[in-house]
Amino acid sequence: MTTAFDTKLENFQALTLTELNSQASYLKRIDRKFLLTRDQFSEILEDLKEDFQVLEIAGKKVFSYDNVYMDTDKYLFYNQHQDKFTTRTKIRTRLYKDSDMAFFEFKQKIDGITQKFRYQFPSEEHGVMTKGKKRFFEWVWQSMYQGTPESPHIFPSIRTAYKRITLVEKKWWERLTIDFSVKTLDLRDENAKDIKLKNLVIIESKSLWDDCISMKIMKKHNIPEASSCSKYSLGVVYSGLAKKHDTFDKTMKEIAKIKAEMKK
């Protein structure tokens with residue numbers, strides 16, 4: 001299925017998956033996020049094409065992602081973010097739907113720096129905490145939280161699905177992921193329905209540099225960095241599962257404005 005952005009992406013130099021994996025893993029990085037409307041993103045694409053390449057696989061530049069996030073029964077990982085812990089965890093299984101590849105991922109943020117640990121598993125196990133995933137989770141948990149009690153019991157919490165474009169700066173200093181057509185679902189409520197974040201585009205910059213190109217382009221278009229924007233945390237909030245969500249209130253107001261723009 002083509003999107004409104006495919007035509008503009010034809011103007012970008014293409015990058016293969018092999019090239020991406022060999023030189024731009026970004027498993028340790030600073031993450032910065034920006035919230036845009038689809039129209040704003042179309043304008044920004046024009047400024048990005050000179051400095052960035054676009055990931056292309058089998059002729060496709062827009063890909064479908066499906067994530068299942070794991071958490072405790074009391075949403076420990078959500079509350080780490082809500083309560084602004086300087087050390088916090090995010091656990092998920094990710095399915096790359098176009099290639100039918102799946103990974104278990106342990107993301108750890110410490111003082112603003114994100115590290116990601118992951119391993120590949122059969123795609124039919126997506127969204128399930130198998131024995132292998134539990135062992136991997138426990139091993140990374142103990143290395144991250146040394147001296148703490150045994151790792152907590154976690155199980156599926158929220159599903160997020162979206163379309164993604166991946167851009168990589170030609171000198172390999174920065175990667176951008178652009179997510180749109182975002183929807184989220186509470187997996188612990190069998191009667192829950194998808195919540196769609198219409199007209200929203202989330203750009204995430206992954207770099208270890210403060211003066212990365214995307215920051216300059218965002219300033220040019222008067223788009224501020226989002227204060228707290230986690231698709232998992234937003235899924236918890238929009239599903240009515242959060243006892244507190246003040247950390248995300250500013251982001252939710254911005255998303256409401258973006259949705260309202262679509263109706264004008």
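Student: Why does Phe117 count as partly exposed?

Tutor: In this predicted model, Phe117 has a relative accessibility of 22%. Buried requires under 20% and exposed over 50%, so Phe117, at 22%, counts as partly exposed.

Student: What makes Phe106 buried?

Tutor: The relative accessible area of Phe106 is 0%. Because buried means under 20%, Phe106 is buried.

Student: Why is the pair of Phe106 and Phe117 called edge-to-face?

Tutor: The ring centres of Phe106 and Phe117 are 6.4 Å apart, and their planes stand at 80°. Centres within 6.5 Å make a pair, and planes over 60 degrees apart count as edge-to-face; therefore the pair of Phe106 and Phe117 is edge-to-face. Phe106 belongs to strand E6 and Phe117 to strand E7, so the pair ties together parts that are 11 residues apart in sequence.

Student: How do you know that strands E6 and E7 pair?

Tutor: Strand E6 (residues 101–110) and strand E7 (residues 113–121) are joined by nine bridges in the antiparallel sense. At least two bridges are needed, so the two strands pair. Opposite Gln108 stands Gln115 in E7. E6 and E7 form a hairpin with two residues between them, and Asp111 in the turn has a positive phi of about 50°.

Student: Which residues belong to the aromatic cluster that includes Phe106 and Phe117?

Tutor: Ring pairs link Phe77, Phe106, Phe117, Phe137, Trp141 and Tyr145 into a cluster.

Student: Why does Phe136 count as buried?

Tutor: Its relative accessibility is 16%. The cut-off is under 20%, so Phe136 counts as buried. Phe136 lies in helix H5 (residues 131–144). Leaving aside neighbours within four places in sequence, Phe136 is in contact with Phe104, Phe106, Phe117, Arg118 and Tyr119.

Student: How many aromatic pairs does the structure hold, and what makes the pair of Phe5 and Phe180 edge-to-face?

Tutor: The structure holds 17 aromatic pairs. The rings of Phe5 and Phe180 have centres 5.0 Å apart and planes at 90°. Since over 60 degrees counts as edge-to-face, that is the class of the pair of Phe5 and Phe180. Phe5 lies in the segment before helix H1 (6–9) and Phe180 in strand E9 (residues 175–186), so the pair ties together parts that are 175 residues apart in sequence. Phe5 and Phe180 are both buried.

Student: What makes strand E4 mostly covered?

Tutor: Nine of the nine residues of strand E4 (residues 63–71) are buried. On one side these are Phe63, Tyr65, Asn67, Tyr69 and Asp71, and on the other Ser64, Asp66, Val68 and Met70, and both faces are covered.

Student: How do you know that E4 pairs with strands E8 and E5?

Tutor: The requirement is at least two bridges. Nine bridges join E4 to strand E8 (residues 155–169), and the two run antiparallel. Thr160 in E8 is the bridge partner of Asn67. With strand E5 (residues 87–96), E4 pairs over six bridges, again in the antiparallel sense. In E5, Tyr96 stands opposite Tyr65.

Student: Why is H7 called roughly perpendicular to H8?

Tutor: Helix H7 (residues 231–238) and helix H8 (residues 249–261) pack at an angle of about 85°, with axes 11 Å apart. Angles of 65 to 115 degrees count as roughly perpendicular, so H7 is roughly perpendicular to H8. Leu234, Val237 and Tyr238 of H7 make the contact with Thr251, Met252 and Ile255 of H8. By class, this contact has five nonpolar, one polar and no charged residues.

Conventions
Residues numbered from 1 in each chain as written. Predicted model: local features only at pLDDT ≥ 70, side-chain atom pairs only at ≥ 80, totals over all residues. Heavy atoms only, no water. Helix = DSSP H or I, 4+ residues; strand = E, 2+ residues; numbered from the N terminus. Axes fitted to C-alpha atoms, helices over the stretch in contact; angles between N-to-C directions. Parallel < 35°, antiparallel > 145°, perpendicular 65-115°, else oblique. Contact = heavy atoms within 4.5 Å. Nonpolar A, V, L, I, M, F, W, Y, C, P; charged D, E, K, R; others polar. Phe/Tyr/Trp six-rings, centres within 6.5 Å; stacked < 30°, edge-to-face > 60°. Buried < 20%, exposed > 50% of the residue type's maximum accessible area, 1.4 Å probe, protein only.
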